[in-house]
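Visitor: Please take a close look at one part of this model, the charged side chains and what surrounds them. Go through it pair by pair, and give the cut-offs as you use them.

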Amino acid sequence: MSDNKYLTVSVLTKYLKHKFDTDEHLRCVFIKGELSNFKFHTSGHLYFSIKDENSKINAIMFSNNAKKLTFKPADGTKVLIMGRVSIYETTGNYQIYVEEMQEDGVGNLYIAFEKLKEQLSKEGLFNPEHKLKIPKIPHKIGVITAPTGAAIKDIISTLKRRFPICEIILFPSLVQGENAASDIVKKIELAKSYNLDLLIVGRGGGSIEDLWPFNEEIVARAIYNCQIPTISAVGHEIDYTIADFVADLRAPTPTGAAEMAVPNINDVIKHIEQLKIRTNESLFKNINYKKLMLDAIKNSFVLKNPLILYENKKQRLDMYYEKIENILKFKLGDAKNKYSIILDKLELLNPINTLKRGYSVTYLSGKVITDVKKLKEKDEINIKLSKGSVLAEVKKIVEE
């Protein structure tokens, strides 16, 4: 069978490109839509897509035309463009080569993003005082992302390289599409039961549509209410999502999140070695200081002559004894004087002494009689003398 009727892919692509290039309707096309997948190449060329609700077309704007722009293009920006439609032969894809582009408002996704951002900001979900402190040395790290792809590979490889002793638990999740937001929330709730020190939530780069699950309110509130310190790692450095604002820490990329999550184990080892050296130095200094104190005590005059302590104490005891003795002597002498005075007074008042001088005391029925009127004839009285007593009977009473 002859193969002359079969075309190569290159020939077919050249033919279609020729058709595109010679079609008058495709030489100058005016399109309006929303920018997506926007990339600024180092060469100055701009690569992006233009989309509406139903379709999307790839586009390129070379640097000579990009220099004429009066605004800064970004994902979600609505634009009005003029260019030509052709085929890129290498891939066989058709695309529009943009010559002019002007801003035509902001896309719906961007509007929704700003609206939710403003709402949550007013509620205080972004406030610094609500941010949890990221642990310096986490032992168990959870990662919520797609189970395949560059993001999880970069996170795991970076964590293992920097801090291989930490435990990594993957919570595989949808990170793109209609059900992604609810799945991310489920995985955040699941992670709470694993006693994690740190949680990384994110995915690799993509268009604003691809990253949109991380702009959903349910994801933002789940991260805010999570009691595990959380690092957001969504997209590239230029990408910002609601999750970035509500998380405890925002990383520019998944790799960056892993670097921020753990220390470099070599630095930790060096730090431990430094602490060991400083601790040993401190111990040796303390021991040497204690030795000096001990030597000073051992060589002290008192320890070498311990009897001096007793001699001093004994001398002080003698002083106290003498002092007490003098006080007692004074007190005793004073008491003796007082005693003598009292005795003298008692001697003066002693009725025995009065009797010795010739006086007597007369008793009637045991009572002293001082008045003859209290006596009558024939009363028996007792007369007390200095020596002895006399029993008598009253014969006659003489009143003076």
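Guide: Arginine 221 has a relative accessible area of 27%, so it is partly exposed; buried is under 20%, exposed is over 50%, and partly exposed is in between (1.4 Å probe, protein chains only). The model is a predicted one, in which local features need pLDDT of at least 70 and side-chain atom pairs count only at pLDDT 80 or more, while totals for chains, interfaces and linings use all residues. Residues are numbered from 1 along each chain as its sequence is written, and side-chain values use heavy atoms, with hydrogens and water left out.

The partner of arginine 221 is glutamate 123, with 2.9 Å between the closest N and O atoms of this salt bridge. A salt bridge here is a side-chain nitrogen of Lys or Arg within 4 Å of a carboxyl oxygen of Asp or Glu. Arginine 221 belongs to helix H7 and glutamate 123 to helix H4, so the pair ties together parts 98 residues apart in sequence. Helices (H or I, at least four residues) and strands (E, at least two) are DSSP runs, numbered from the N terminus. Glutamate 123 is partly exposed because its relative accessibility is 41%.

Helix H4 also holds a pair of its own: lysine 122 and glutamate 118 are four residues apart, about one turn of the helix. Their side chains form a salt bridge at 3.4 Å, N to O. Lysine 122 is exposed at 68%, whereas glutamate 118 is partly exposed at 48%.

By this rule the count comes to 12 salt bridges. One of them joins lysine 51 to glutamate 209, with the closest N and O atoms 2.8 Å apart. Lysine 51 is in strand S2 (residues 46-51) and glutamate 209 in the loop between S8 and H7, so this pair links distant parts of the chain, 158 residues apart. Lysine 51 counts as buried at 16%; glutamate 209, at 25%, is partly exposed. Glu34 joins Lys51 and Glu209 in a network of salt bridges.

Arginine 203, in strand S8 (residues 198-203), is another case. Arginine 203 is buried and has no salt bridge; aspartate 210, the nearest side chain of opposite charge, is 4.8 Å away. The side chain of arginine 203 does make a polar contact, at 3.1 Å, with the side chain of glutamine 176. A polar contact is a pair of N or O atoms within 3.5 Å; within protein, one must be able to donate a hydrogen and the other to accept it, and residues adjacent in sequence count only if both atoms are side-chain atoms. A polar atom of the arginine 203 side chain also lies 3.3 Å from the backbone oxygen of valine 175.

Beyond four places in sequence, arginine 203 touches residues including Asp210, Phe214 and Pro254, where contact means heavy atoms within 4.5 Å. Phenylalanine 214 in turn touches Val175, Ile184 and Val201, among others. Phe214 is also among the residues with the most contacts inside the largest nonpolar core, which has 34 residues. Such a core is a set of buried Ala, Val, Leu, Ile, Met, Phe, Trp, Tyr and Cys residues joined through side-chain atoms within 4.5 Å.

How values were computed. Lys, Arg positive; Asp, Glu negative; His and termini not counted.
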